[in-house]
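This report covers a strand pairing, a helix contact and several salt bridges. Please keep the structure in view while reading.

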Amino acid sequence: MKNTAGSYQRACDHSAPIANRRSRLRTVFLSASLVAAAFGVNSSVSPAETASACATHGSWIDVKTGRSVDRGELFHDLVAKNAVVLLGESHTDVDHHHWQLHTLAALHGRGGNIVIGFEAFPRRLQSVLGDWIEGKLTDEAFLKASEWRQVWGYDAALYMPLFQFARLNRIPMTALNVERKLVARVGREGWEAVPESEREGLSNPAPASPAYQRELARIYLLKKTMPPGAVGPLPSAREPHMPEPDEAALAEAMKEPEFKRFVEAQLTWDRAMAEALAGAKRKFSDATIVGVLGSGHVADGHGVPHQLKDLGVTILTTLTSESVDTACKLVGTSYADAVFTLPPTDKTSAPERPRLGVLLAQGDGAPRINNVVRGSVAEAAGLQAGDHVVRAAGLETRNLDDLVEIVGRQAPGTWLPLSIRRDGQEIDLIAKFPTPPRQDR
């Protein structure tokens, strides 16, 4: 379940896994590569050496050449140069967050000052991050004060180790984002239609490169194929059945006014994080500034890296992690400067979180359903747009957090009693969560 304000932004944020996987085998706009230059990487690497490095998990590889990178030299160089370092992530992948924590620890352990910026927080919550670092908030109080479930909504357990690492080491945390309603408004009306006084101080974004526009066109077309009201991560292009739009479809999509606004919304988002990172660099000139953000904003140097360069930030390195299932496919592309290889993907290891399948907003004393996703548990239960969920599992649901927590506790195959207020009357319904498919052994 996600609120309406977040539906547009979250769809965009999963753009990289969709658009870039199929385009990585082509030569595209090259991002700055500190890795090869800094370590004197020999470009004449044998195919056998490349295949071994990218197919072995627990390795750092130079994406441009495929050669292994010495991790000690990598982190020493980044700290010595006080670089801006972008850590691209999949928000729901636990291994990505483990990798981020280890990378932050390695950078910190080199003795340099670091500052960590997070996409998860809009800048209006900067004071909350300060209170957290100062030890003024418990974990629970921090998540409540930062409006975690309303603003970000992904599993807090994935991110808390990063936040705790920063607090324990008194590492400054910086809010990189802007309000979702600004990004959504640009998506509806366009950048120029938003008065300058309502842009949260953002300057005009640098135009998207042709390559970035093509990647966003792929996302745009895929998004249009999804059912109305669909929420959650877009399907990943790692899956072989994902269609690749043909050139004619891409060309037509790029002519649509709606697509132009779609690009401007993404640029607004990219620019906001780039400006926050550049601002942190000015404030902490002797520190390594680390950005924790979705890989869609990092891949191929198109998003935040492109905006940072426009802002004059040139000492920049992009890092990400990939399973050995896909890491070798990245060699020779500009997807990132260096990639950490993760174990093979295990599709059965992490059960999917229960989803009711609704878009929510705060209503009169209870969460209000704004939209019901087609084919969802909510649709099967008979929930409708405009319903207020007043109780779930016999417990009162006064706000979105109450309902999200109750749904999150449901096990696969369970039935969840719901009391709905509709047209002044209270109705009892049952939401039946499906049993996961049996895994044959």
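How many bridges join strand E9 to strand E10? The model is a predicted one, and in it 5 bridges join E9 (residues 358-362) to E10 (residues 367-372), the two strands running antiparallel. One of the pairings is between Gln 362 and its partner in E10, Pro 367. E9 and E10 make a hairpin with 4 residues between them, and Gly 365 in the turn has a positive phi of about 80°. Because 4 of the 5 residues of E9 are buried, this strand is largely enclosed by the rest of the structure.

Next come two helices. The axes of H6 (residues 94-109) and H10 (residues 156-168) come within 8 Å and cross at roughly 10°, which means that H6 is roughly parallel to H10. Residues of H6 in this contact include Leu 101 and Leu 104, while those of H10 include Leu 162 and Phe 165. The contact residues divide into 9 nonpolar, 3 polar and no charged.

Side chains of opposite charge can pair when their charged atoms come close. The count of salt bridges is 17; the table gives some of them.

| Salt bridge | N to O distance |
|---|---|
| Asp 387 and Arg 422 | 2.7 Å |
| Arg 391 and Glu 426 | 2.1 Å |
| Glu 396 and Arg 398 | 2.7 Å |

Asp 387 lies in the loop between helix H17 and strand E11, and Arg 422 in strand E13, so the pair ties together parts that are 35 residues apart in sequence. Both Asp 387 and Arg 422 are buried. Arg 391, by contrast, counts as partly exposed at 27% relative accessibility, and Glu 426 is partly exposed at 48%.

How values were computed:
Residues are numbered from 1 along each chain as its sequence is written. This is a predicted model: local features need pLDDT of at least 70, side-chain atom pairs count only at pLDDT 80 or more; totals for chains, interfaces and linings use all residues. Side-chain values use heavy atoms; hydrogens and water are left out. Axes are lines fitted to C-alpha atoms, for helices over the stretch in contact, and angles run from 0 to 180 degrees between N-to-C directions. Angles under 35 degrees count as roughly parallel, over 145 as roughly antiparallel, 65 to 115 as roughly perpendicular and the rest as oblique. Contact means heavy atoms within 4.5 Å. Ala, Val, Leu, Ile, Met, Phe, Trp, Tyr, Cys and Pro count as nonpolar, Asp, Glu, Lys and Arg as charged, and the others, Gly among them, as polar. Buried means under 20% relative accessible area, exposed over 50%, partly exposed in between (1.4 Å probe, protein chains only). Two strands pair if DSSP finds at least two bridges between them. A salt bridge is a side-chain nitrogen of Lys or Arg within 4 Å of a carboxyl oxygen of Asp or Glu.
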